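Subject: Structure handover

Hello,

Please find the structure below, with the sequence. My notes on it follow.

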Amino acid sequence: MKKLVIVESPAKARTLGQYLGGDFVVRASYGHVRDLPSSELAIDVEKNYQPKYQLIPKAKKVLTELRREMGQADGLVLATDLDREGEAIAWHLTEALNSGKGKAKPIERITFHEITKAAVEEALKHPRALNSDLIDAQQARRVLDRLVGYKLSPLLWKKVYRGLSAGRVQSVTVRLIVEREREISAFKTRRFYTIEAEIKVGNEILKAYVIDQKNTPLELLDKAKAESLAKKLTDSAVRVDSREEKESLVQAAPPLITSTLQQRAAGDLRFSAKKTMKIAQDLYEGLEITGQESGGLITYMRTDSHQLADQAVKQAAELISTQFGQKYLPVNPNKHERKVRGAQEAHEAIRPTDFTISPDSLTGKISKDHQNLYRLIWEVALASQMAPAKVKTTTVILSGSAAKLLGRGRELIFDGHLKVAGDPDKYQSLPPIKEGQSLTVKNCHSVEHQTEPPARYSEASLVKEMEQLGIGRPSTYAPTMSTIVERGYVSRKTGRFIPEPVAEVVTDLLKENFSDIVDYQFTAKMEDDLDEIAAGKKEWQTVIDEFYRPFIKNLTTKEAGIDKKELTEEATDKKCPECGAPVVLKLGRYGQFYACTRYPECKHSAPYLEDEFNKQEQRQIASEISDPCPKCGGKLSVKAGRFGEFIGCDNYPKCKFTKPITIAATVKCPNCGGDLVRKTSRRGKVFWGCANYPKCQTAFWDEPIEQKCPKCGSQVVKKKAGPACSQCDWKEEK
């Protein structure tokens, strides 16, 4: 007897093919084979929200081949991934393959957390039926997303501009980014001063700071007072009033889950969430390892559970004991509980399939990126099963004639899990010091600080916030972030998300008229409902109905009352140079632009730049458009297009002459000496790049000026708050 085994990807098929004998034929479906058509709603809201699926065009050829293989097989084994998405793919495959003529073949469903020979053979011993609850949960998510997107997106086309989209998770994620930007804009900086001292202890130096009555750092608002106090303390005598020692344990971090994998990979490896998940998928499905057969190196990478399988805990303990010694093992194996809502404890955390495969043993056998991500997973998982580190914290309080000071040191007594994953070097002990000892302040100075606004979201911090609020699930974080960038709602600048004007307009529209769609708690509650469906505790149609009926009623009521002009137009004090009518700042598909209020009678428009032209730039542009069109002799003017501003002929479309706006910076490229010119990205963001591109790829988001950073020597750029370094945190003080 021969069985057909179907998985999602060729890589996974190749790995399974190595483990299974001649009784099995392993083939890939290349992902989903059925979906809702894009040309219609495809949800019958009057018939219990019945979805209308169709074959995906690119899957038809694959299905033809799979049907042929199935005709020659005695049974079908569905080995797609173990989550809701994998279960749904398995279900769609059965529906598509059994839809033709002929007797249906027996179907078995198997799942495994890791793609190893032992795990696959064990799964084949315990096949099961398809899990209808998991299928219903995925189907509910798909139907919900289609209803929101298909009903709200046309409203945005009418009231903002065509091409926009709304989404149940997408829109609330955009709201997070918009509200963070508004927090930053509203933030008021406060300057204050602390006082730091270096105290001589024999041949060593004790670092301390001046404290207040609560033993917290003294903060002074007056710079002169701070400098005066620092001057009094310099070369003065101090006495050690107290010395306190306290030992504490530093527990190991839990093994990685999807969200923390993306956060750590972003911070340690500078990987995007999308890249992280692609590499993790490769490690899970199996790589072609030089010199040996391919195999899955890690367990399933879409998970929110910190649990580890018993055999993995046992193997880790054996490795720790052998390699580091028995003292590095805890008395009882470490267990890490999840405190975030929606955690699915039936899954495993991300770990190596075999702890004995060290990251170093893979050098030269897999790519550097794959090795680095594997190393991160291996180290964190192994460290999670190690004994805690032991730290001794010593605190001394000193008093002088002018102030009290506090010094603190942290000595690493036992490194524990830090032996594998951590930074033991950050622990530094105090110099030998005794209570009652008299010492001398060698140097003392005031340090200026200023309160900082909250940082814009990076991919790592956005994933963390989404997880804490319960927005989305492990499989949705990376695609959601990619979607909001691709749809033009946000852009990335130095690794941070910045909302575009359209993001603010759409967020305000949704908050005012469809508050549930962008409400954090409501979105999290919907995710909880999907989890309840997956657990068999709720019916999926009931959950959809409870959402859809009030949603569609509200949509019908609110649509007529939304004024497009109020949303997309902003009055200015400018007058139209063509007819003298008022000019407004409008929001269009390619960003903001100035337009005459007499449109369509008067079609005057002009680009709007966030970093508004200074007089020199205006003169340069005026010079560039003063000459007639070299093709037809017509008038040249500045146009706003899909990829930003350009100079074009007013006789378009008869004359299609165009040329880029090339405004040079006052400085040359620090890399090659070429001109730095103002350019526009595909998303309409202005930046300064080398004219010798692509030979030289030097670029800056802000205009470079004739100044080098006194801290790191890099190029200084012009920001709204003043000159600042393009690479480090230096900025010119006012």
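Leaving out residues up to four places away in sequence, Thr-15 touches Ile-115, Glu-285, Gly-286, Ser-294, Gly-295 and Gly-296, where contact means heavy atoms within 4.5 Å. This is a predicted model, in which local features need pLDDT of at least 70 and side-chain atom pairs count only at pLDDT 80 or more, while totals for chains, interfaces and linings use all residues. Residues are numbered from 1 along each chain as its sequence is written, and side-chain values use heavy atoms, with hydrogens and water left out.

Thr-15 is found in helix H1 (residues 10–19). Helices (H or I, at least four residues) and strands (E, at least two) are DSSP runs, numbered from the N terminus. The relative accessible area of Thr-15 is 0%, so Thr-15 is buried. Buried means under 20% relative accessible area, exposed over 50%, and partly exposed in between, using a 1.4 Å probe and protein chains only. The buried residues of H1 are Ala-11, Lys-12, Ala-13, Thr-15, Leu-16 and Tyr-19. They pack against strand E1 (3–7), strand E2 (24–28), helix H4 (117–125) and helix H9 (273–285).

**Nonpolar cores**

A nonpolar core here is a set of buried Ala, Val, Leu, Ile, Met, Phe, Trp, Tyr and Cys residues joined through side-chain atoms within 4.5 Å. The largest one has 122 residues, and Phe-112, Leu-152 and Leu-373 have the most contacts inside it. Helix H5 (residues 132–159) supplies the largest share of this core, 11 residues. With residues up to four places away in sequence not counted, Leu-152 touches Ala-166, Leu-510, Phe-514, Ile-517, Phe-551 and Leu-555. Another core, of 24 residues, lies apart from the largest one; among its residues are Leu-229, Ala-230, Leu-233 and Ala-403.

**Leu-97**

Leu-97 is in helix H3 (residues 84–97). With a relative accessible area of 8%, Leu-97 is buried. Again not counting residues up to four places away in sequence, Leu-97 touches Ile-6, Leu-63, Leu-66, Arg-67, Met-70 and Leu-76. Leu-97 and Met-70 are 27 residues apart along the chain, and their C-alpha atoms are separated by 8.2 Å.

**Two helix pairs**

Two packed helices are described by the angle between their axes and the distance between the axes. Axes are lines fitted to C-alpha atoms, for helices over the stretch in contact, and angles run from 0 to 180 degrees between N-to-C directions.

Helix H15 (residues 520–534) and helix H16 (residues 540–559) pack at an angle of about 160 degrees, with their axes 9 Å apart. H15 and H16 are therefore roughly antiparallel to each other; angles under 35 degrees count as roughly parallel, over 145 as roughly antiparallel, 65 to 115 as roughly perpendicular and the rest as oblique. H15 and H16 make a right-handed crossing. A crossing is left-handed if the near helix is turned anticlockwise from the far one by less than a right angle, and right-handed if clockwise. On the H15 side the contact is made by Phe-522, Met-526, Asp-529 and Ile-533, and on the H16 side by Trp-540, Val-543 and Phe-547. Six of the residues in the contact of H15 with H16 are nonpolar, none polar and one charged. Ala, Val, Leu, Ile, Met, Phe, Trp, Tyr, Cys and Pro count as nonpolar, Asp, Glu, Lys and Arg as charged, and the others, Gly among them, as polar.

The axes of helix H8 (residues 258–269) and helix H12 (residues 459–469) come within 8 Å and cross at roughly 160 degrees. That makes H8 roughly antiparallel to H12. H8 passes H12 in a left-handed crossing. Ser-259, Gln-262, Gln-263 and Ala-266 in H8 meet Ala-460, Val-463, Lys-464 and Glu-467 in H12. The contact of H8 with H12 has three nonpolar, three polar and two charged residues.

**Backbone details**

Tyr-599 and Pro-600 are joined by a cis peptide bond, with omega about 10 degrees. Pro-600 lies in the loop between strand E19 (591–596) and strand E20 (605–607). A cis peptide bond also joins Tyr-652 and Pro-653, with omega about 10 degrees.

Asn-215 is not a glycine but has a positive phi, near 65 degrees. Asn-215 is partly exposed, with a relative accessible area of 33%.

Regards
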